[in-house]
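Take a look at the protein below.

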Amino acid sequence: MKATSVAVIGAGWAGCAAAVELARSGARVSLYEAARVAGGRARRIAYRGHTLDNGQHILLGAYRDTLRMISAVGLEPAQLLLRLPLQMRYPKGSDGMDLVAPHLPAPFHMAVGVLRASGLAFQDKLALARFSSAARRMGWQLHIDCSVAELLERFDQTERLTRLMWRPLCIAALNTVPERASARVFLAVLRDSLGATRAASDMLLPRVDLSALFPDAAVVYLEKHGGRVHYGAHVRAVEATGDHWMVCTETHAESFSQLVIATSPAQAQPLLEPLDGGLAGSLDFGHQPITTCYLQYPAAMTLPSVMFALLDDPQRRHWGQFVFDRGQLDPLQAGLLAVVVSASGAALEQGAGSLESDIAAQLADALRLPELAAPLWSKTITEKRATFECVPDLQRPPVATSLPGLWLAGDYTEGEYPATIEGAVRSGIAAAAGVLKQGG
Ligand SMILES: Cc1cc2nc3c(=O)[nH]c(=O)nc-3n(C[C@H](O)[C@H](O)[C@H](O)COP(=O)(O)OP(=O)(O)OC[C@H]3O[C@@H](n4cnc5c(N)ncnc54)[C@H](O)[C@@H]3O)c2cc1C
């Protein structure tokens, strides 16, 4: 029987997952990527001889499909990811909190972690326990969605716990401020962190650049399995021709029996508009930026922990929310810190130069290390459309479309997660399953 021929547009994590799943099952796959590197919004960037990422990422132990795909292309997740227990640690003396879930079976890891946590008063711990047990009783689900701020109010969460834990968690996971973020999606994330088994709740920090963590190996896997990869190939149009799909770049047009559009929603819109205006219109999401500020210090500089939460406070021009000591992840990055500002609209109004000096000053202050105020060099990378804004009741399209043989994949498609690597990978796997079921 002739193998199904499939074009996958976009070599982000969704497109790479779809391509690998398809190739594994014997389909003939062509992967089109506009950029020169695979990975999309989680990719490697070259900067003056240094290898950086387009933004610092954290994965969770609960990212089961991502971990499975990394293994499927021959990589070893345990070697590529530093596994840390679930934690929310602020630098000592910064009026923050220090919570680390110990290595105990669930739910004792969280219970003991909360009991032992410093920087939280008895009322804060009680509020946290009340929230977790109520959410567990609700099965971490909400029938009627509302904002995260409303949910926290409903469960009488204290001001300190909200400021030190719920707010930063919500902004980090949903890239949306609690006043606008979906409580339903937030609960799904909490189920897989606070409410999960210890291993699922672990935080995983990449030790290699994001393209090397999966997309590069996915491309190699695809080529070994008879697939083709076209870099620098911006697909300008797709056309239905009988029961086939024509994929057109500037220099080349080719026909396939099925097609997976694995781009961001905004990039899918111009391709879909001539085919189905309604579907293209349904991808009109709001977006939020994420900024990562890299600061290089002498190689001997290291933090007391590989990551810390930071208190952001626009009044004091403190924009950073988390800092990562990349030297503890990869010796080649000794002395390099990455500071993340999610939902970074307000911070961006400062301009890159001023933002970098604000962040360096914030680090010096929070970590009580005056030398951090003067990095050797710094580089700010902003992804303006990092993720869709994860508002309540957001309607997200399924991977199957009403056009036979046309599938969507991407972090924005129907699913319980916010815009994440795991959501992207799951959508790619689902789109591949749809293609294979349809056959042809
Ligand atoms: C700064 C930042 C920090 C983040 N932090 C985290 C985190 O900590 N944890 C987490 O899980 N997630 C995080 N995310 C979200 C995560 O990166 C995304 O959800 C995920 O990478 C999206 O993958 P995707 O494959 O759906 O889309 P994309 O990565 O956008 O991939 C789409 C690909 O399609 C290509 N393309 C687009 N149009 C065309 C065309 N016409 N022709 C050919 N190719 C095309 C693009 O170049 C791109 O490579 C973060 C995102 C950013 C930006």
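With 440 residues, a compact globule would have a radius of gyration near 22 Å. This protein has 22 Å, so it agrees with that expectation. Keep in mind that the model is predicted. Along its principal axes, the C-alpha trace spans about 65 × 50 × 40 Å.

Now trace the chain. The secondary structure comes to 16 helices and 20 strands. Which residues touch each other? Take the contacts with a separation of 6 or more: residues 24 or more positions apart account for 68% of them.

Next, the surface. The protein exposes about 18200 Å². Carbon and sulfur atoms supply 55% of that area. Charges are present too: 40 positive and 42 negative side chains. The centres of these two sets lie 5 Å apart.

Go inside. Buried residues make up 57% of the 440 residues. The largest nonpolar core has 130 residues. Those with the most contacts inside it are Phe131, Trp166, Phe214, Leu259, Val260, Ile261 and Leu272. Helix 1 (residues 13-24) gives this core its largest share, eight residues. Another core lies apart from it and has 21 residues, among them Tyr297, Trp319, Leu355 and Leu367.

Pick Leu259 from the largest core. What does Leu259 touch, not counting residues up to four places away in sequence? Its partners are Val6, Ala7, Ile9, Val238, Trp245, Val247, Gly405, Leu406 and Trp407.

Leu272, also on the list of core residues with the most contacts, belongs to helix 12 (residues 265-272). Which residues of helix 12 are buried? They are Pro265, Ala268, Gln269, Leu271 and Leu272. An α-helix has 3.6 residues a turn, so residues three or four places apart point the same way.

What covers the buried residues of helix 12? The cover includes strand 1 (5-9), strand 11 (237-241), strand 14 (258-261), strand 15 (287-296) and strand 20 (406-408). Helix 13 (277-281) is part of the cover as well.

End with Gln269, which sits in helix 12. Is Gln269 buried or exposed? Its relative accessible area is 18%. Buried means under 20%, so Gln269 counts as buried. Leaving aside neighbours within four places in sequence, Gln269 is in contact with Ala280, Gly281, Leu283 and Asp284.

Definitions and conventions. Residues are numbered from 1 along each chain as its sequence is written. This is a predicted model: local features need pLDDT of at least 70, side-chain atom pairs count only at pLDDT 80 or more; totals for chains, interfaces and linings use all residues. Side-chain values use heavy atoms; hydrogens and water are left out. Helices (H or I, at least four residues) and strands (E, at least two) are DSSP runs, numbered from the N terminus. The radius of gyration is taken over C-alpha atoms; the globule rule is 2.2 Å times the number of residues to the power 0.38. Buried means under 20% relative accessible area, exposed over 50%, partly exposed in between (1.4 Å probe, protein chains only). Contact means heavy atoms within 4.5 Å. Accessible areas come from the Shrake-Rupley method with a 1.4 Å probe; for residues, only the protein chains shown count as cover. Lys and Arg count as positive and Asp and Glu as negative; His and the chain ends are not counted. The place of a charge is taken as NZ of Lys, CZ of Arg, CG of Asp or CD of Glu. A nonpolar core is a set of buried Ala, Val, Leu, Ile, Met, Phe, Trp, Tyr and Cys residues joined through side-chain atoms within 4.5 Å.
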